[in-house]
Amino acid sequence: IKKKKRKNKKRKKKKRTEQKRRKENNMIDWKEEERFDKYKTRIFKFVLYKPRTEKEVYYKFKSFENSELYLERVIEILKELKYIDDRRYAEMYIEDSLNIKRLSRFELKNKLREKGIKNQDIYDAFEKFEEELRSKEIENAINILKKKEYVYLEDEKKKKVENYLYRKGYTHESISLGKEEVKYLHEKGEL
């Protein structure tokens, strides 16, 4: 009888310790899940504020606590939900720059590369807006030449303005068409 009682006590004790261990594991899982949710919420707020690239999200949150555990997982969730889509980001960036900025195609490509967008996504976005980009680049070259008063400059200063446009990434075609247009406007008396 004493042996049975001892065995029962041992079983009960073993069962209690196992229950306690399970409860502790559940607590750890619960706390881990809570930390993940806080991290995920912080990243979602960052992405919802304005469109972001995968690289921007990664570099913003890689130094945060426990980032190595959660960051890749959260980025995958954001990709699945289409909150991070580098191809769509490239298209939106190009569209915005067409309306707002005076950038050459070369400058646009470099800015998109800096943001971590893959070359194939950049190429696809450029293909979609090729004609608009070409005409906007020519228009921007014309505006810069007008602003610098290109037609009134001496040859040496004209060369400096042309070199400025080349350094900014404008194509030879855009610069030539811009120069012709500015000369034409000057001859017409509209400049």
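Start by selecting Tyr 93, which counts as buried at 12% relative accessibility. Buried here means under 20% relative accessible area, exposed means over 50%, and partly exposed is in between, using a 1.4 Å probe and protein chains only. A word on what you're looking at: this is a predicted model, where local features need pLDDT of at least 70 and side-chain atom pairs count only at pLDDT 80 or more, while totals for chains, interfaces and linings use all residues. Residues are numbered from 1 along each chain as its sequence is written, and side-chain values use heavy atoms, with hydrogens and water left out.

(Helices are DSSP runs of H or I with at least four residues, and strands are runs of E with at least two, numbered from the N terminus.) How are the rings of Tyr 89 and Tyr 93 arranged? Their centres are 6.2 Å apart and their planes at 20°, so the pair is stacked. The rule: rings of Phe, Tyr and Trp (its six-membered ring) pair if their centres lie within 6.5 Å; planes under 30 degrees apart are stacked, over 60 edge-to-face, and the rest tilted. That rule gives 7 aromatic pairs.

For another of them, pick Tyr 39 and Tyr 70: with ring centres 5.6 Å apart and planes at 50°, this pair is tilted. Tyr 39 sits in helix α1 (residues 2-49) and Tyr 70 in helix α3 (residues 67-80), so the pair ties together parts 31 residues apart in sequence. Tyr 39 is buried at 6%, and Tyr 70 is buried at 3%.

Then show Arg 73, whose charged end sits over the ring of Phe 36, 3.7 Å from its centre. "Over a ring" means NZ of Lys or CZ of Arg is within 6 Å of the ring centre and within 35 degrees of the ring normal. Arg 52 lies over the face of Phe 46, 3.8 Å from the ring centre.

Last stop: Ser 174, in helix α9 (residues 172-188). Ser 174 is buried, with a relative accessible area of 1%. Leaving aside neighbours within four places in sequence, Ser 174 is in contact (heavy atoms within 4.5 Å) with Arg 105, Glu 137, Ile 138 and Ala 141.
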